[in-house]
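User: Could you take me through this structure? I have not looked at it before.

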Amino acid sequence: MKAAVLNASNGIFDVEDIQIDQPKGREVLVEVKASGLCHSDLHMAESDFGVPLPAVFGHELAGVVKGIGPDVREFNIGDHVVGSLIQYCGHCEACISGRTYQCEHPEETLRDAAQGQRLSRDGQAVTPVFGTSAFAEYSLVHENQLVKVPDALPFPQAAILGCGCVTGAGAAINTANVKPGDTVAVIGVGGVGLNVISGARLAGASRIIAIDMQPAKEALARKFGATDFIDAGAGNAVERVQQLTEGGVDHAFEVIGLKATSEQAIKMARKGGGAFLIGVHKPGSSISVDVLGDLLLNQVTVKGVYMGSTNIKHDIPMYADLYLQGRFNLDDLISKEINIAQINEAYEELKTGKIARSIITSF
């Protein structure tokens, strides 16, 4: 099959032919119909996160089931499915408590050495990153990482549900537990940031302040539910948020992954509020926190967010239904549909911050 392979930690993907095995155990073979270009994949492709190379990235996955392993219980050939990078065993304490995103044994969704390789190239192992490896014509995924969705849901929109949607909307609904009347600030109005805005809107936030270096994103942010927009390049964003809210927001979300903006999120939170760090930082990154002023006196909570604290088997069908009801915006997240051969050019465009998501829909 054709796949975009990372051969070096340089952020450049090479489109090549590789081999994919038949499904074993609880694995499902999915024909990929749409795969979103998430910024997290680019972060990991440009830095050494310890992923063995060569590797196939891609974790926003939507497609059709083409084969199932002998132990698969949830899926049948022909099902439309969404894949997610949340890997969970289903039996550890976190899983049985509903916190599958905190699974203690995510490796159980992968093969052991005796089962051979899912992906290979001329006999050499190719790493299926996150167990999804969606930058390819086909994906071999453990059934715990897949969710059945209605056939009426278009594949490009479905793909975004696997990461961008659950991470952003989930951060607002699940992690921060935004309530009706709460105030929210979102730093970074890309694909995930727009979903934070959507989630906050669904939860009933009274004020949603979008903050970005690109003033042209204001119209799009408001379309998703932002009530205010701050051009981060035109003054002190922290002071502006404090002015708009008379002291700060209940919930400040950082969706970029930078030291400066993470520290700004903490300063944007009101007394007793929370700063939620979603953006992926480079390995070894750190931020500075005023322990006395921010944590002890202002009692601000600083919390890292992983995948929007999502239980995919519950949350993805919910968002799919809300979209089909016209209550959850996925259409405007899709900037363009591309061929897999255009993946490097599309990622260069994503770096500019001017687009939300490109989706691979042809190979």
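This is a predicted model: local features need pLDDT of at least 70, side-chain atom pairs count only at pLDDT 80 or more; totals for chains, interfaces and linings use all residues.

User: How much space lies in the largest pocket?

Analyst: The volume of the largest pocket is about 1,200 Å³.

User: And how many residues line the largest pocket?

Analyst: Its lining consists of 49 residues. Those nearest the centre of the pocket are His-39, His-43, Val-255, Ile-256 and Gly-257.

User: Which element supplies the largest share of that lining?

Analyst: Helix α1 does, with 4 residues. At least two residues each are supplied by α1 (39–46), α3 (155–175), α4 (191–203), β13 (207–212), α7 (259–268) and α10.

User: What is the lining of the largest pocket like by class?

Analyst: It has 25 nonpolar residues, together with 18 polar and 6 charged ones.

User: What about the second largest pocket, how much space lies there?

Analyst: The second largest pocket holds about 200 Å³. Among the residues that line this pocket are Met-44, Gln-87, Leu-110 and Phe-130.

User: Changing topic: where is Ser-35?

Analyst: Ser-35 belongs to strand β4, which covers residues 27–36.

User: Is Ser-35 buried or exposed?

Analyst: Ser-35 is classed as buried because its relative accessible area is 0%, and the cut-off for buried is under 20%.

User: Which residues is Ser-35 in contact with, leaving aside neighbours within four places in sequence?

Analyst: Ser-35 then has contacts with Glu-60, Ala-134, Phe-135, Ala-159, Ser-358, Ile-359 and Ile-360. With Ala-134 there is also a polar approach: a polar atom of the Ser-35 side chain lies 3.1 Å from the backbone oxygen of Ala-134.

User: Now Glu-348, please. Which helix is it found in?

Analyst: Glu-348 is part of helix α10, residues 343–351.

User: Why does Glu-348 count as partly exposed?

Analyst: Its relative accessibility is 44%, and partly exposed covers values between the 20% limit for buried and the 50% limit for exposed.

User: Which side chain does Glu-348 join in a polar contact?

Analyst: The side chain of Lys-351 is joined to that of Glu-348 by a polar contact of 3.0 Å.

User: And how many residues apart in sequence are Glu-348 and Pro-106?

Analyst: They are 242 residues apart in sequence, and their C-alpha atoms are 31 Å apart in space.

Conventions:
Residues are numbered from 1 along each chain as its sequence is written. Side-chain values use heavy atoms; hydrogens and water are left out. Buried means under 20% relative accessible area, exposed over 50%, partly exposed in between (1.4 Å probe, protein chains only). A polar contact is a pair of N or O atoms within 3.5 Å; within protein, one must be able to donate a hydrogen and the other to accept it, and residues adjacent in sequence count only if both atoms are side-chain atoms. Contact means heavy atoms within 4.5 Å. On a 1 Å grid over the protein atoms alone, a cavity is a set of points where a 1.4 Å probe fits but cannot get out, and a pocket is an open set with protein on both sides within 12 Å along at least five of seven lines; lining residues have an atom within 4 Å of a point. Grid points are joined across faces, edges and corners, and a volume is the space filled by probe spheres set on the points. Ala, Val, Leu, Ile, Met, Phe, Trp, Tyr, Cys and Pro count as nonpolar, Asp, Glu, Lys and Arg as charged, and the others, Gly among them, as polar.
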